[in-house]
Amino acid sequence: MSGDSRVPGQPLWAPWRMEYIEGARGPRGCIFCEPATPVADRERLILFRGRHVFVLLNRYPYAAGHLMVAPNAHVARLHDLDPEARAELFDRVSACAEILEEVYACDGLNVGANFGAAAGAGFADHLHFHVVPRWNGDVNFMTSIGEIRVIPTHLERTYARLLPVFQERVAR
């Protein structure tokens, strides 16, 4: 533990959690739909906008680089999308996987969607896919026993690192 200034039993501060907790209590709109008052893409953590879908960082990630891909349309199920939107959705999920593998040199990826609240969807009315980079040994006692997530980089740094790649690669 050389260099570790933490004393056993000392609190681990996660000030961003309060924003998450308080937001869960109050009324909230769909995070994937355009807000009534325009908000900059950077503030919403949107990395890419396509014709039918967009890509954004998860504000409360499971791992650094945790992306979400969502259709512009507020729909709950894949069959509610027209074939062109569905094709673009899967193309972007694939592009996100490729970009994360390149930029973060991850050992693997979790890619998935939860359809319906019973399946764990936090926003069940607006379908979206998660693309989460994973590394060997990244889930240790902190998550499994301590119920704590350790994200080794700040969200703004992740955004700055991924945005140029999306602008160069996906916008072509």
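In strand S5, Arg 134 is the bridge partner of Gly 108. That pair belongs to a predicted model. The protein chain holds five helices and five strands. Read from the N terminus, its elements run α-α-β-β-β-α-β-β-α-α. The chain has 172 residues, and buried residues make up 35% of them. Take the contacts between residues at least 6 apart in sequence: 65% of these join residues at least 24 apart.

**The sheet as a whole**

- Five strands form an open sheet, and their order is S1-S2-S3-S5-S4. The pairing is antiparallel.
- Which strands stand at the edges? They are S1 and S4. Each has a single partner strand, so one side of each is left without a neighbour in the sheet.
- Neighbouring strands are turned by 15° against each other on average, with direction ignored.

**Strand S5 and its partners**

- S5 covers residues 129–134. Five of its six residues are buried, so the strand is mostly covered by the under 20% cut-off for relative accessible area.
- Strand S4 (residues 108–112) runs antiparallel to S5. How many bridges join S4 to S5? There are five.
- The Gly 108 and Arg 134 pair is a bridge of this kind, with Arg 134 on the S5 side.
- Strand S3 (residues 67–71) also pairs with S5 in the antiparallel sense, over three bridges.
- Val 69 stands opposite Phe 129 in S5.

**The S1 end of the sheet**

- S1 pairs with strand S2 (residues 53–57). The sense is antiparallel, and there are three bridges.
- Ile 46 has Leu 56 in S2 as its bridge partner.
- Helix H5 packs on the sheet. H5 touches S1, S2 and S3. The direction of H5 makes about 25° with that of S1.

**Helix H3 against helix H5**

- Helix H3 spans residues 83–104, and helix H5 spans residues 155–169. Their axes lie 11 Å apart and pack at an angle of about 125°.
- The crossing of H3 past H5 is right-handed.
- On the H3 side, the contact uses Cys 96, Glu 98, Ile 99, Leu 100, Glu 102, Val 103 and Tyr 104. On the H5 side, it uses Thr 158, Arg 161, Leu 162, Val 165, Phe 166 and Arg 169.
- Sorted by type, the residues of this contact are eight nonpolar, one polar and four charged.

- Thr 158 sits in helix H5. Is Thr 158 buried or exposed? It counts as buried, at 3% relative accessibility.
- Which residues does Thr 158 contact, leaving aside its neighbours within four places in sequence? They are Leu 57, Gly 65, Tyr 104 and Thr 153.
- Ala 95 is in helix H3. At 17% relative accessibility, Ala 95 counts as buried, because the cut-off is under 20%.
- Ala 95 and Phe 166 are 71 residues apart in sequence. In space, their C-alpha atoms are 8.9 Å apart.

- Most residues other than glycine have a negative phi.
- Leu 45 is buried, with a relative accessible area of 1%.
- Is Ala 105 buried or exposed? Ala 105 counts as exposed, because its 53% relative accessibility is over the 50% cut-off.

How values were computed
Residues are numbered from 1 along each chain as its sequence is written. This is a predicted model: local features need pLDDT of at least 70, side-chain atom pairs count only at pLDDT 80 or more; totals for chains, interfaces and linings use all residues. Side-chain values use heavy atoms; hydrogens and water are left out. Axes are lines fitted to C-alpha atoms, for helices over the stretch in contact, and angles run from 0 to 180 degrees between N-to-C directions. Helices (H or I, at least four residues) and strands (E, at least two) are DSSP runs, numbered from the N terminus. A crossing is left-handed if the near helix is turned anticlockwise from the far one by less than a right angle, and right-handed if clockwise. Contact means heavy atoms within 4.5 Å. Ala, Val, Leu, Ile, Met, Phe, Trp, Tyr, Cys and Pro count as nonpolar, Asp, Glu, Lys and Arg as charged, and the others, Gly among them, as polar. Buried means under 20% relative accessible area, exposed over 50%, partly exposed in between (1.4 Å probe, protein chains only). Two strands pair if DSSP finds at least two bridges between them.
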